[in-house]
Amino acid sequence: NVSDDKIKIGVLADMGGVYSDLCGPGCVTALEMAAEDFGGEVLGAPIEIVSADDQLKADVGSAIVRKWVEDEQVDAVGGLVSSAVTGAATKVLTDAKKIAMISTAASNAFTTASCSPYNVHWTYNVAALANGTVKPMVDSGKKKWFFITADYAFGHALESVATEVIENNGGEVVGVVRAPLATTDFSSYVLQAQASGADVVALANAGADTVNSLKAATEFGLTEMVDVAGLLVFTPAAQAMDPDTAAGMRLTTGFYWDYDDETRAWSNRFKERHGSIPAMGHAGAYSMAMHYFRAVEAAGTDDSDAVMAKMRELKPDDFFARNAYLRADGRMVHDMYYAEIKPADQRRDNDDILNVLSVIPGDQAFAPMLPECNFAD
Amino acid sequence: MKLSKLHIALLLVALVAPFVLYPVFLAKILCFALFACAFNLLLGYVGLLSFGHAAFLGTGGYITGWLMMNANLTPELAILLGTAAAGLLGALYGKLAVKREGIYFAMVTLALAQLIFFVYLQAPFTGGEDGMQGIPRGELFGLIDLSDNLTMYYFVLAVFLFGFWLINRTIHSPFGQVLKAIRENEPRAVSLGYNVNDYKWVAFMISAALAGLAGATKSLVFQLASLTDVHWHMSGEVVLMTLVGGVGTVFGPLLGAGAIVTMQNYLSGGELGNYIHIIMGAIFVICVLAFRGGLVGELQKLVKRNFG
Amino acid sequence: MMTFLGINLFGLFGQLLVGLINGSFYALLSLGLAIIFGLLKIINFAQGAMYMLGAFFAWMALSYFGMNYWVALVVVPLVVGFIGILMERFLVRPIAHEDHLYSLLLTFGVALMLQGIFTHVYGSSGLAYAIPEELKGGTRLPFMYLPNYRAWIIVASLVVCGLTWWLVEKTKLGAYLRAGTENPQLMQAFGINVPLIVTLTFGFGVALAGFAGVMAAPVYSVSPEMGSNLLIVVFAIVVIGGMGSIGGAILTGLAMGVIEGLTKYLYPEASTTVIFLVMVIVLLLKPSGLFGKEA
Amino acid sequence: MSTHREKLRLADVHAFYGESHILHGIDLHLSQGELVTLLGRNGAGRSTTLRAIMNMVGRRTGSITVNGTETIDMPAHRIAHLGLGFCPEERGIFSSLNVLENLMLPPTVRSDGMSVEELFEMFPNLYERRFSQGTRLSGGEQQMLALARILRTGANILLLDEITEGLAPVIVQKLGDVLIALKERGLTILLVEQNFRFAAPIADRHYVMEHGHVVEEVQAHELAEKESLLNTYLGV
Amino acid sequence: MSADYVLESRNLVKAFKGFTAVDDVNLKVTRGHIHALIGPNGAGKTTVFNLLTKFLSPTSGRILFNDQDITPMKPAAIARAGVVRSFQISAVFPQLTVLENVRVALQRKEGNSFHFWRPQRILDRLNDRAMELLTSVGLESFADARTMDLSYGRKRALEIATTLALDPELMLLDEPTQGMGHEDVGRVADLIKQVSAGRTILMVEHNLHVVSKLADRITVLQRGAILTEGDYATVSTDPRVQEAYMGTAAAAEANAQKQEETA
Ligand SMILES: Nc1ncnc2c1ncn2[C@@H]1O[C@H](COP(=O)(O)OP(=O)(O)OP(=O)(O)O)[C@@H](O)[C@H]1O
Ligand SMILES: Nc1ncnc2c1ncn2[C@@H]1O[C@H](COP(=O)(O)OP(=O)(O)OP(=O)(O)O)[C@@H](O)[C@H]1O
Ligand SMILES: [Mg+2]
Ligand SMILES: [Mg+2]
């Protein structure tokens, strides 16, 4: 009862751009591993993985997805990195009633403002980051916040969610600068942050922007005066930071490869194949694909509605998904981790980068479901 | 433009192609081909290198998209208005830019396009870098449903043929004759009493409007208008398409657009995605070193050598 | 705190100084481009990639050979310059007599390839390169904390810019260069080895980008994309300054740093756009750029 | 003849621009202190002959010896250093340089060139306009500059292409005097000239060219008797 | 009476940075004349031309064409008003055919030059007139040749044909015989004479033979100012002109000629 007698998964990701380390070729590897681990077939139909480079462009991504579902019988699309591409891709997928398996995009819109019965958002989202990183700091008495925000939707979303958390917990936002994407020099913004009298300077940006803004913060002595919080720091970015600069920085992540034996076992397998340790998106992509295969098997069909129902019904449980369940809005709720970047002298090697400080239970990390996004039948 | 055997053969190919290839892909090629042809009108026939043509492509797309989503218009009207908007923007930009020549012209157009990029980046209605998503394709003249890809393709083909015809007519019109003279010897054209800037300006507007038409159509095909279309990379890409196809040739931009879109399409899928930049870069280097005439230019050379 | 018309003056001074620092960096970058673009009339789109190479080579030299910053500052530009010479000799020269568009396309291709190769090998997240020991720390000024390395950027780039300006504008070499690009054949007939001068100049311009890359490594993250974004801004600076004017490129670089800095303070979202706004205005008022000779 | 040192000899020189074959086996020679003209109609190949000597054509074959040195395989930039100075038909004034820079541009190839003062005395217009941009000069002034420029280098074999073009008669007359003076200093001059009235009284010999061939050689003293022949070639 | 003058300049001045190229020039060109502008190199002749056609803007002074002030007009507008120039360096459209060159000029008056939606065919009705013009300069057999391939003299002839196509009231010719072989010089001089019928011509020329043969009136410029004016006999025997411009040889010839005439 499988359409076209195969289960075909597309991996749409940034294969060569700034996010390619977060979920590019690595996500292809992760999905291939999932397919193999599942035995290479579901319900007797072979699993096929195809992949494409979205070049971080919404139009390219949506065109690829359109072609996959209209012309190449793709059943579900994984990867999905930048929020812009993901937004465009989910639109196409929803129209075609195919499942979007979002592993790395940060925006919470896919389960709120633009939620859809076919969206599955697995690894993390901006709300979890804000709840994870911001709340403990506000609670510890750091009330005045300054934002250096990447001037695009993801940055705005991160900033607004974090602001909400700050204000709900008795803090205040004393200033915001919106830096254009891919700004090379953040010193001007750092000076503004310095002048603001904030307790915490929050970096509502990602990737190279985070690395560069932190660099400037250290250079201009900002880190000595106030706390700098990276709201979204993936392991590759943490590795790219100057260890002296980054040491002690707090962050929230959906996965850390060195957390326990289970995570290490999978991560080492991944590293063997891919060459570097997995970032959270890689692990999420694997975990989600495994759950999808299980659901297809349980449903006895690859019909999206049936599979989605099964995915919600079955509890995901593996090295990645702890205390996890898939909510009716497509949000996968699971344990998140509050961690800090290790100082250079405590690192075994460059992979040994985080100290997990605490586990944040999924229900505290993720915002509650909106009623209008409840797709349970 | 007389219909030659070549034209008829190409037209037949275009008519049957969607039964062999994915129609949306073909429609994309046609949109970019129209864009490149519009650009080539300026570069190839007036000698003006615009490095900001993305502004018009994007404007056509955004305006049409917004109208389709908010104004409840039929697609042909939305496209018409999108095209007109791009033409208006072209009128404004052209007025400023045609006063300059050579590299300065290129730079003025680039700078103006960057300003437009900024506007679209910040303006709320464009959706920022998420783009304008889920633009409905609507029903042509309120009758023909365009949501079917094949129907959409034939509509795009019709739009393209119209644009292509208009460009070729322009080149071979009394106006085109003056443009040619201006390109050859501008001071002489002035001394014959031609306000050369006005002619360049009109050519710029035509080119901008047609680029807008391409963008407008494209936004319907993909149901999306995004910043990619206004980014300077896009302005660069259209230069590449035209050069790869052959500057100042009738079919060059069409072929160039086809080649580049196909290449991107092919490279972005699967294993090669990783190498896309390396391979594209290598192709450009090789093209420039060995096939400067562009595809059409080299073909013409080959034909001449073997049959001429 | 001192305020004037509601603006925090100390804050403003800080912004101005930071702008000046960035400006001296722009000056350094636009210098290489101005030489190649303005004097040789070659539109070198690979200049950004050469800048990236400079930064990466510095990183590689340190990681693989233990070569420190100061040695790298001398060696890396030479290596990058040599790559430039090879590029000129084997790629650019064969198409020198063709339309300038082709050199643009060619160097664009080279830039894509280099960027692709480095992304493939080193990923895109960027690499860390520490500020050299000697320049760590900073000085506390009344209105801001000035890191030593930033001060060094100002000094180093002004010295390099000044020397280059002298070389091109005040020595006969500069006249040979300008004349050689205008009518190479006649210069040859005068007994000047124009191809050699062109090659060396190209190499020198590229080496400057390499130098800027090494300078940038400790303050910006070393990543394959670092050059491509900067390139177009630097092009704009060269055009605003006036093509062919070395002094123009330097002064405009400084000025644009300051203007951009102020924009970052007043309307940060527009900070990457402001330079293009300036460019439109300048080109409309003074077609050949601020310091360019009227055509 | 053997008393005079031979400065320049072309033997069976062919020259090509791309595919077009312009010179078809040119033979000519100049001895020290001679002033020889190349006559011919528009397009006969006179300018091309000069350009071939400087290796400024697409391709050239045959033999070109300068001061006894074979130059046919020499790169263009080494030829000037044998003592050749070339004043091109289109003048080649550089717009990116001012008048003085233009004047000082070509490297000196021998030590006994004319000084800048001497040149300014000869062409006062240039002195007056010495800081203007080269191409802002009037047509005639540009012509003066082009000539002055190579007189400075000390070249002792001059290849001059249509130097009286666009000059006022009074200057043309002065140029004639200059050429005679140069000749007396021992310089060797190959002159391409339309203005036969100018060339006839000062030249020692004339070569007549047609369609890329040298069709006639006329000594100065034969001018009168060969006038009708010249008329048919040149349409004087 | 001023109506006799097609063109007048009043106190025309052009100063470049620290240098006055044209200094208070009052030029009067009589209708129907061939008027020559001569003078030493750098005297300002080309600059005067540039001012009259607004390729340069005068620093001060006025230009009257048929008593109408054309000083503020744009170059193209001046051309349309009937003042058309040729260039010191040959100006043709090299890639167009010879016929098309002339047609471009004829086309302007058709009023369809902006019609980008109409086929080129509609220009064919201009072909007869174009051929007529080509015939008048002896180029009829080259009508379909690419202009690039024409010899220098023929390009000049074509340029004159193109200029004639505008039917200008006043033609400005800057050194029309420069760079020509003797044959061509004669041909072009004849041509100028021929086309001067019914219109006025202002020309700059260094070839005194051509000047003496064609010019009805001559203005001599020196250092930007008018040195003297008159017919060839008057001007050429003026000792100041002889010294500044003609040189002794030409002067001797002119003097001899004058003596012959008076004798
Ligand atoms: N760069 C070139 N490419 C192709 N053909 C050329 C080139 N330069 C000159 N020719 C051709 O070579 C021939 C000889 O030209 P050349 O300039 O030597 O003539 P010339 O005798 O000096 O005549 P002129 O009086 O016109 O200067 C002409 O037919 C001309 O068209
Ligand atoms: N744009 C300019 N800027 C500065 N000086 C100029 C400019 N144009 C011309 N001149 C100067 O003005 C003077 C007059 O130049 P013009 O070209 O009018 O002379 P001309 O009489 O035509 O001489 P020729 O007979 O040599 O062509 C010259 O000395 C020239 O150097
Ligand atoms: Mg010649
Ligand atoms: Mg003149």
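**Notebook: chain interfaces and two ligand sites**

I began at the interface of chain B and chain E, where 10 residue pairs are in polar contact, both residues at pLDDT 80 or more. By polar contact I mean a pair of N or O atoms within 3.5 Å; within protein, one must be able to donate a hydrogen and the other to accept it, and residues adjacent in sequence count only if both atoms are side-chain atoms.

I note the ground rules here. This is a predicted model, in which local features need pLDDT of at least 70, side-chain atom pairs count only at pLDDT 80 or more, and totals for chains, interfaces and linings use all residues. Residues are numbered from 1 along each chain as its sequence is written, chains are lettered from A and ligands numbered from 1 in the order in which they are written, and side-chain values use heavy atoms, with hydrogens and water left out.

**Chains B and E**

I looked up the salt bridges across the interface of chain B and chain E and found 0. A salt bridge here is a side-chain nitrogen of Lys or Arg within 4 Å of a carboxyl oxygen of Asp or Glu. Chains B and E bury about 2700 Å² between them, and 63% of that is on carbon and sulfur atoms. Buried area is the accessible area (1.4 Å probe) that two parts lose on being put together, summed over both.

Which elements of chain B give two or more residues to the side that touches chain E? I find α6 (149-171), α7 (174-184), α8 (186-191) and α9 (196-222). Helices (H or I, at least four residues) and strands (E, at least two) are DSSP runs, numbered from the N terminus. The largest share of that side, 7 residues, comes from α7(B). By class, the side of chain B that touches chain E has 13 nonpolar, 8 polar and 5 charged residues. Ala, Val, Leu, Ile, Met, Phe, Trp, Tyr, Cys and Pro count as nonpolar, Asp, Glu, Lys and Arg as charged, and the others, Gly among them, as polar.

I counted in 26 residues from chain B and 36 from chain E. Contact means heavy atoms within 4.5 Å. Of the 6 pairs of chains in contact, B and E share the most contacts.

**Chains C and D**

I then turned to chains C and D. The contact takes 19 residues from chain C and 25 from chain D. About 1800 Å² is buried between them, with 59% of it from carbon and sulfur atoms. How many salt bridges cross this interface? I find 1. C:R178 and D:E101 meet there through their side chains, at 3.9 Å from N to O. I also find 8 residue pairs in polar contact across chains C and D, both residues at pLDDT 80 or more.

On the side of chain C that touches chain D, α6 (172-182) and α7 (184-189) each supply at least two residues. α6(C) gives the most, with 6 residues. That side of chain C has 9 nonpolar, 5 polar and 5 charged residues.

**Chains that do not touch**

I checked two further pairs. No contact joins chains A and D, and their closest C-alpha atoms lie 36 Å apart. Chains C and E do not touch either; their nearest C-alpha atoms are 13 Å apart.

**Ligand 2**

Where does ligand 2 lie? I place it between chains D and E. Of the 20 residues around ligand 2, the nearest are D:S138, D:G140, E:K45, E:T46 and E:T47. A residue is near a molecule or strand if one of its heavy atoms lies within 4 Å of it. The shell around ligand 2 divides into 5 nonpolar, 10 polar and 5 charged residues. α6 (139-152) of chain D, and β2 (19-25) and α1 (45-52) of chain E, each supply at least two residues of that shell.

I listed three contacts to oxygen atoms of ligand 2. A backbone N or O atom of D:G140 lies at 2.6 Å. A polar side-chain atom of D:E141 lies at 3.0 Å. A backbone N or O atom of E:G42 lies at 2.8 Å. Taken alone, ligand 2 exposes 630 Å², and the protein buries 92% of that. Accessible areas come from the Shrake-Rupley method with a 1.4 Å probe; for residues, only the protein chains shown count as cover.

**Ligand 1**

I find 13 residues around ligand 1, the closest being D:G43, D:R46, D:S47, D:T48 and D:E89. Helix α1 (residues 46-53) of chain D gives the largest share of this shell, 3 residues. A polar side-chain atom of D:R46 lies 2.7 Å from an oxygen atom of ligand 1. A polar backbone atom of D:G45 is 2.9 Å from a ligand 1 oxygen. The protein covers 61% of the 630 Å² of accessible area that ligand 1 has on its own.
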